[in-house]
Amino acid sequence: MQIPNAETPSKPLLQLRGITKAFAGVQALKGVDFDLRAGEVHALMGENGAGKSTLMKILFGVQPPDSGTIELEGVGEVAIDDPRHALALGIGLVSQEPSLVPQLDVAQNIFLGQTEALGVVPRSQFQVKAREILEPLAPRLPVTARVASLGMAELQVVEIARTLARGGKIIGFDEPTSSLTPAERDGLFALIRQLKNSGKGIIYISHRIPEVYAISDRVTVLRDGRAVASRATKEVSADELINMIAGRRLAEELQHSAKPVVRAGGTEALRLEGISAAGKLHDINLTLRTGEIFGLAGLVGSGRTELARCIFGADRKNGGSVYVNGKPLDLRQPSDAKAAGIALIPEDRRKQALVPNMDVERNFGLANFQQYSPSGFLRLKQRRQDIERYIEEMAIRPRRAGVRIRNLSGGNQQKVIIARWLQSGARIFLFDEPTRGIDVGAKFEIHELMRRLAKDGCALLVISSELPEILALCDRVGIMRGGQLVQTIDDCSGLTEDLLMKYASGEVAR
Ligand SMILES: Nc1ncnc2c1ncn2[C@@H]1O[C@H](COP(=O)(O)OP(=O)(O)OP(=O)(O)O)[C@@H](O)[C@H]1O
Ligand SMILES: [Mg+2]
């Protein structure tokens, strides 16, 4: 006999039923069922655009569903009006795009909007609390640092800390590790395990298969707005998972793309001599040849992004010379680099390379003003023809030049940025985290595109924190630590993730 009000352990914390959501022209969710139990980590996977973030935003009250129901344990069916309401119901979300206030410091951001709950608490006490929450994630991040001065990884950590500070029984993490270092990720995983053991329910979104195995109990795959499978994680193989995410085609292609062909060294494309930048880079010497992909590995903060930005003229260097095709060049600003055939594909593509509200065609034209308006008169027809050619060749989806670029998936945005640089005639490509936040299918396509650039005689410098990416793509690898290029590995056969990690952290030297 069932005792009234007794807790039934099998009843889920959260039950979503038949959730649908359409945006102008896109049916993002087509009747999704999803449930979450107390004490479980439920991973949510799927290609870019599959609908993962949309589902999370509905749960967090950012946007209402068109139809479907949300039921919470002990509460019943709810209509979640806005994020405030979601928080009051015990639902928290670490969103994919950190939304912090740049003018405020770290501690202020973590407790933003919570002053009522905390009462009139002196600032120093806030800071102590903030420190406690940050400890396992980023022990060295000062809580008094202004958020405007932080890099991507630190922003992500603050976003996570802010959600954790608000408590809640259900917490969604939307690609929380896309910019984190392995150490920060391990800290986050330890935190997630604690949350789980204290009976909370965790939804974990990631494109990284090893992470899903490391942290989740169950995995649900969304494809094209539908939940195609929900399985116990330990009962699915990685191949099955890739099949569920991307369809059978891809699993086979991925098998074949494991190792790069060894390319014969071409001629010198880019040479760096003694590059230094105040406090950030020290005496970097490096030669990049045509037809090669040179990987830069190292921990976040080791100076890799700074180096790329210095070469590109986006940041000032205060010593050293850059040679392009053997000629010394004075690169003071990005337009100088561009004129020398150097392209930078930055880490934070949405902020640094795109104008989100402009369409694909205009974004494509951004670095190519001169080409399309030689006499101040915009050659629109030419621009349209060019972008349409790239859309075909690079399989950019959707196939429409007039769609706003913010509605494209990360992988497709990245293709548009590459197309822009190809059009401008770039021959030296600096890629900073080229596939961050990009799903397995699109990642494969971007990698193929990069290999094709090298094959066509371009020189590629690739910064990546994903060691498998470095191993799969690069002919040679440089390791950066503390602003220095501490070693260069010319023969990558026998190189493993483990070894790379050890070089990067300084545990072993070659
Ligand atoms: N505000 C919006 N306006 C128009 N279309 C949108 C909007 N938000 C999402 N979409 C579209 O809905 C679909 C689902 O997007 P969503 O962001 O949920 O995907 P995702 O699975 O989170 O992808 P990713 O792995 O790239 O983060 C996509 O086609 C996207 O372009
Ligand atoms: Mg998303």
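The model is predicted: local features need pLDDT of at least 70, side-chain atom pairs count only at pLDDT 80 or more, and totals for chains, interfaces and linings use all residues. Residues are numbered from 1 along each chain as its sequence is written, while chains are lettered from A and ligands numbered from 1 in the order in which they are written. The protein chain is divided into domain 1 (14–254), domain 2 (270–341 + 427–505) and domain 3 (353–425), with bounds that come from an automatic or database domain assignment. Helices (H or I, at least four residues) and strands (E, at least two) are DSSP runs, numbered from the N terminus.

**Ligand shell**

- Ligand 1 is surrounded by 16 residues, and the closest are F23, A28, N48, S53 and T54; a residue is near a molecule or strand if its C-beta atom, placed from the backbone, lies within 6 Å of it.
- Two or more residues of the shell come from each of β2 (26–36) and α1 (52–59).
- The element that gives the most to this shell is α1, with three residues.
- By class, the shell has four nonpolar, 10 polar and two charged residues. Ala, Val, Leu, Ile, Met, Phe, Trp, Tyr, Cys and Pro count as nonpolar, Asp, Glu, Lys and Arg as charged, and the others, Gly among them, as polar.
- Ligand 1 lies between domain 1 (14–254) and domain 3 (353–425), because both give residues to its shell.

**Domain 2 against domain 3**

- The centres of domain 2 and domain 3, taken over C-alpha atoms, are 25 Å apart.
- Contacts join 11 residues of domain 2 to 11 residues of domain 3, two residues being in contact if their C-beta atoms, placed from the backbone, lie within 7 Å.
- On the side of domain 2 that touches domain 3, helix α18 (residues 440–455) gives the most, with four residues.
- That side of domain 2 has six nonpolar, two polar and three charged residues.

**Nonpolar cores**

- The largest nonpolar core has 74 residues, and those with the most contacts inside it are I428, F429, L430, L460 and V462. Such a core is a set of buried Ala, Val, Leu, Ile, Met, Phe, Trp, Tyr and Cys residues joined through C-beta atoms within 7 Å.
- Helix α17 supplies the largest share of this core, six residues.
- Both domain 2 (270–341 + 427–505) and domain 3 (353–425) give residues to this core, so it lies between them.
- Beyond its neighbours within four places in sequence, I428 is in contact with residues including A269, L270, L288, G341 and I342.
- A second, separate core has 66 residues, among them V41, A130, Y204 and I205.

- Of the 14 residues of α17, 13 are buried. A residue is buried if 20 or more other C-beta atoms lie within 10 Å of its own, exposed if 12 or fewer, and partly exposed in between, with C-beta atoms placed from the backbone.
- At 1.5 Å a residue, the 14 residues of α17 (residues 410–423) should span 20 Å, which agrees with the 20 Å between its end C-alpha atoms; the expected span is 1.5 Å times one less than the number of residues.
- After α17 comes G425, with a positive phi near 85°.
- In the loop between α16 (380–393) and α17 lies P398, and the peptide bond from R397 to P398 is cis, with omega near -5°.
- G402 lies in the loop between α16 and α17 and is exposed, with 11 other C-beta atoms within 10 Å.

- D224, in the loop between β9 (218–223) and β10 (226–232), has a positive phi near 50°. D224 is partly exposed, with 14 other C-beta atoms within 10 Å.
- E433, in the loop between β17 (428–432) and α18, has a positive phi of about 50°. E433 counts as buried, with 23 C-beta neighbours inside 10 Å.
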